[in-house]
Amino acid sequence: MKFQPDTLPGANVITRHAPGEVWVGASRFGSSVLVPWQGEVQVWRPASVAELEPADFEALLASQPELVIFGSGPRQRFVSAALYRTLLERRIGFETMDTGAACRTYNVLVTEGRHVLAALIVEPAGTT
């Protein structure tokens, strides 16, 4: 599925999502990623929701988001609040949705000028 717009000056935009991959601008990522509204996109350790640990969510604090959009893979899967307690303690919003919906929501929030971070689980193609 292709998303629009392709570019926004100074902002990261998710331009495409498919099984096993996410595109940010013209760059393809075949693993889980952290996509801040601005700055460098980073590979994120967990390859599935089952692999998540509290330290994975502590890593999100570096970009100082006001809101984290968590893409849980091809299906929406909620995680225990104990995993993202660090975010809650700092009053950082946290929303869970499937990765496709997270990509679309992230793009809308970026166009509104929000300091949003997409934490996207990108499972290898064929592992649903």
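**Entry 1: contacts and overall layout**

I note here that the model I am reading is a predicted one.

I then went through the secondary structure, which consists of 3 helices and 8 strands. Following the chain along its sequence, I read the order as β-β-β-β-β-α-β-α-β-α-β.

**Entry 2: dimensions, burial and charge**

I looked up the radius of gyration and found 13 Å, which agrees with the value near 14 Å that a compact globule of 128 residues would have. The C-alpha trace spans about 35 × 35 × 20 Å when it is laid along its principal axes.

How much of the protein is buried? I find that 48% of the 128 residues count as buried. For the accessible surface I noted a total of about 6,600 Å², with 51% of that area belonging to carbon and sulfur atoms.

On the charges, I have 11 positive and 13 negative side chains, and the centres of these two sets are 3 Å apart.

**Entry 3: the aromatic rings**

I searched the whole structure for aromatic pairs and the search gave 7. I began with Phe 70 and Phe 94, whose ring centres are 5.8 Å apart and whose planes meet at 20°, so I record this pair as stacked. Phe 70 belongs to strand β6 (residues 67-71) and Phe 94 to strand β7 (residues 93-97), so the pair ties together parts that are 24 residues apart in sequence.

Are these two residues buried or exposed? Phe 70 has a relative accessibility of 0% and counts as buried, and Phe 94, at 13%, counts as buried because the cut-off is under 20%.

Phe 94 also forms a stacked pair with Tyr 84, with 3.9 Å from centre to centre and 20° between the planes. Here Tyr 84 sits in the loop between β6 and α2 (85-89) while Phe 94 is in strand β7, and the two are 10 residues apart. I checked burial for this pair as well, and both Tyr 84 and Phe 94 are buried. Taking the rings together, I wrote down one aromatic cluster, formed by Trp 44, Phe 57, Phe 70, Tyr 84 and Phe 94.

**Entry 4: further along strand β7**

I stayed with strand β7 and turned to Glu 95, which is found there. Its relative accessibility is 43%, so Glu 95 counts as partly exposed. Which residues does Glu 95 contact, leaving aside neighbours within four places in sequence? I find Leu 67, Val 68, Ile 69 and Phe 70. I also noted the separation between the C-alpha atoms of Glu 95 and Ser 48, which is 17 Å for two residues 47 apart along the chain.

Thr 96 has its place in strand β7 too, and I record Thr 96 as buried, with a relative accessible area of 11%. The C-alpha atoms of Thr 96 and Ile 69 are separated by 6.2 Å, although these residues are 27 apart along the chain. With neighbours within four places set aside, the contacts of Thr 96 are Phe 70, Ser 72, Gln 76, Arg 77 and Phe 78.

**Entry 5: the loop between α1 and β6**

I next looked at Leu 60, in the loop between α1 (54-58) and β6. Leu 60 is buried, with a relative accessible area of 1%. Not counting residues up to four places away in sequence, Leu 60 touches Leu 34, Trp 44, Pro 65, Val 68, Leu 87, Leu 117 and Ala 119. From Leu 60 to Val 43, which are 17 residues apart in sequence, I noted 12 Å between the C-alpha atoms.

Gln 64 is in the loop between α1 and β6 as well, and at 65% relative accessibility Gln 64 counts as exposed.

**Entry 6: the loop between α2 and β7**

Where is Arg 91? I place Arg 91 in the loop between α2 and β7. Its phi is near 60°, again a positive value in a residue other than glycine. Arg 91 is exposed, with a relative accessible area of 78%.

How values were computed: Residues numbered from 1 in each chain as written. Predicted model: local features only at pLDDT ≥ 70, side-chain atom pairs only at ≥ 80, totals over all residues. Heavy atoms only, no water. Helix = DSSP H or I, 4+ residues; strand = E, 2+ residues; numbered from the N terminus. Rg over C-alpha atoms; globule rule 2.2 N^0.38 Å. Buried < 20%, exposed > 50% of the residue type's maximum accessible area, 1.4 Å probe, protein only. Areas by Shrake-Rupley, 256 points an atom, 1.4 Å probe, with all protein chains shown as cover. Lys, Arg positive; Asp, Glu negative; His and termini not counted. Charge placed at Lys NZ, Arg CZ, Asp CG, Glu CD. Phe/Tyr/Trp six-rings, centres within 6.5 Å; stacked < 30°, edge-to-face > 60°. Contact = heavy atoms within 4.5 Å.
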